[in-house]
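Have the structure open and follow along.

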Amino acid sequence: MAKGQTYNYERIPRVDPITGTRYMQLTSFPTINMHLSYCYPNLTNGFTADSRRVVFLSRRAAHRTAPWDVFRVGVDGADFVQLTEREGVRGAVVSSQKPLVYFHSNGTLYSVDMDTFEEEEISHFETDKSQHGGRFSGWLSADERFCFVSAFDKSGYELIVRHATDGSGTAAIASAAEMRIHSIDPAGRGLFVSLNENGRWIIWLVDFDGARVVRYGENVCSHLSPLGNTGALQGCAVWPEHSLLLLTPGQERENRLLSGPDFWHSSASPDGRWIVADTNRPNEGIFLVNVATRRSAVLLHPHNVGGDAPWSHAHPFFSPDMRYVAFTTDATGSAQVCLVEIPASLTEQLARP
């Protein structure tokens with residue numbers, strides 16, 4: 001493999017035998033392939049802003065310590081190109097303003113041009129721990145002035161490290177013994193973070209200087225992310241409750257949007273009108289949810305295993321134009337990136353009161 005190399009099609013058209021929904025398996029190489037985070041690490045998750053390309057990670061070889069490379073592929077399975085060939089790649093996020101993917105490796109933030117493959121070293125943050133960027137995600141502010149990654153200081157505290165994308169510097173803006181960074185705020189106000197406060201995980205909106213500016217209350221979700229740019233959050237209730245929940249600032253009790261299967265990972269459309277969620281215990285498929293009508297239906301069954309490894313989770317999310325849902329499945333024995341076009345008949349059905 002080599003950076004900038006174009007590969008042959010790997011696409012496989014498939015049909016879900018349960019729902020009859022047609023979808024496209026975009027990758028088929030027998031290593032672990034996994035799309036980028038479903039929970040708003042940037043404005044477009046793993047798609048480019050024009051919804052024509054998907055950016056994903058692929059493990060270089062079939063062993064547990066193999067490095068990850070970043071690839072792009074068209075939504076039709078063509079234009080299959082490797083973008084990186086560097087050790088320790090973490091936190092890849094896609095620009096919605098330029099043809100760039102930002103990523104970090106061993107404390108250094110880089111960008112790579114998706115068309116020319118030119119790579120730029122932007123800035124470096126030194127820590128005493130080898131786990132710099134130990135979390136798999138990175139986060140890109142809505143205005144794209146800053147990239148954020150997690151690092152650890154010598155005492156084991158987690159830091160939120162801010163890199164200016166123009167190369168003007170880095171700073172550790174927050175530190176805590178127990179902290180979970182969930183997503184950026186699509187409205188551009190900061191990062192959504194949970195902090196352990198006397199044994200309770202409290203959700204805060206943290207601004208780009210590290211100040212806690214909005215308190216959202218206790219985190220009662222197994223996974224959560226923004227309800228698009230509405231300012232609210234949505235997430236999947238902790239098992240054994242089977243619900244999708246809405247959370248708003250200062251709310252003492254969550255608002256139950258929908259009860260049903262064991263929703264697991266959910267992501268919202270940019271306008272907050274739709275949610276897509278996978279399920280577990282048992283896996284009943286990927287559900288499409290209309291927020292206004294609170295109606296839902298199975299989009300398709302990904303047939304993923306749903307174990308502890310993140311690439312065994314479907315982690316579905318929308319394209320910016322709401323035409324597609326991307327997801328990962330290991331149903332073939334190795335994790336692959338897939339794409340389903342949302343049937344217009346389904347959205348029309350769910351929009352009816």
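Rings of Phe, Tyr and Trp (for Trp, its six-membered ring) count as a pair if their centres lie within 6.5 Å. With that in hand, look for Tyr-7, Phe-56, Phe-71 and Phe-80, which form one aromatic cluster. Keep in mind that what you're looking at is a predicted model.

How many aromatic pairs does the rule give? The count comes to 14. One of them joins Trp-68 and Trp-311, with 6.0 Å from centre to centre and 50° between the planes, so by the rule that planes under 30 degrees apart are stacked and those over 60 are edge-to-face, this pair is tilted. This pair links distant parts of the chain: Trp-68 sits in strand E6 (residues 68–74), while Trp-311 is in the loop between strand E27 (295–300) and strand E28 (317–318), 243 residues apart. Are these two buried or exposed? Trp-68 has a relative accessibility of 3%, so it counts as buried. Trp-311, at 25%, counts as partly exposed.

Some rings also have a charged neighbour over the face. Arg-86 lies over the face of Tyr-110, 4.1 Å from the ring centre. Likewise, Arg-180 lies over the face of Trp-201, and here the distance to the ring centre is 3.8 Å.

Another cis bond runs from Arg-281 to Pro-282, with omega near 0°. You'll find Pro-282 in the loop between strand E25 (274–279) and strand E26 (286–290).

Next, let's check phi. Asn-106 isn't a glycine, yet its phi is positive, near 50°. Its place is the loop between strand E9 (100–105) and strand E10 (108–113). With a relative accessible area of 57%, Asn-106 passes the mark of over 50%, so it is exposed.

Glu-144 has a positive phi too, about 65°, and it isn't a glycine either. Look for Glu-144 in the loop between strand E12 (139–140) and strand E13 (146–152).

How values were computed: Residues numbered from 1 in each chain as written. Predicted model: local features only at pLDDT ≥ 70, side-chain atom pairs only at ≥ 80, totals over all residues. Heavy atoms only, no water. Helix = DSSP H or I, 4+ residues; strand = E, 2+ residues; numbered from the N terminus. Buried < 20%, exposed > 50% of the residue type's maximum accessible area, 1.4 Å probe, protein only. Lys NZ or Arg CZ within 6 Å of the ring centre and 35° of its normal.
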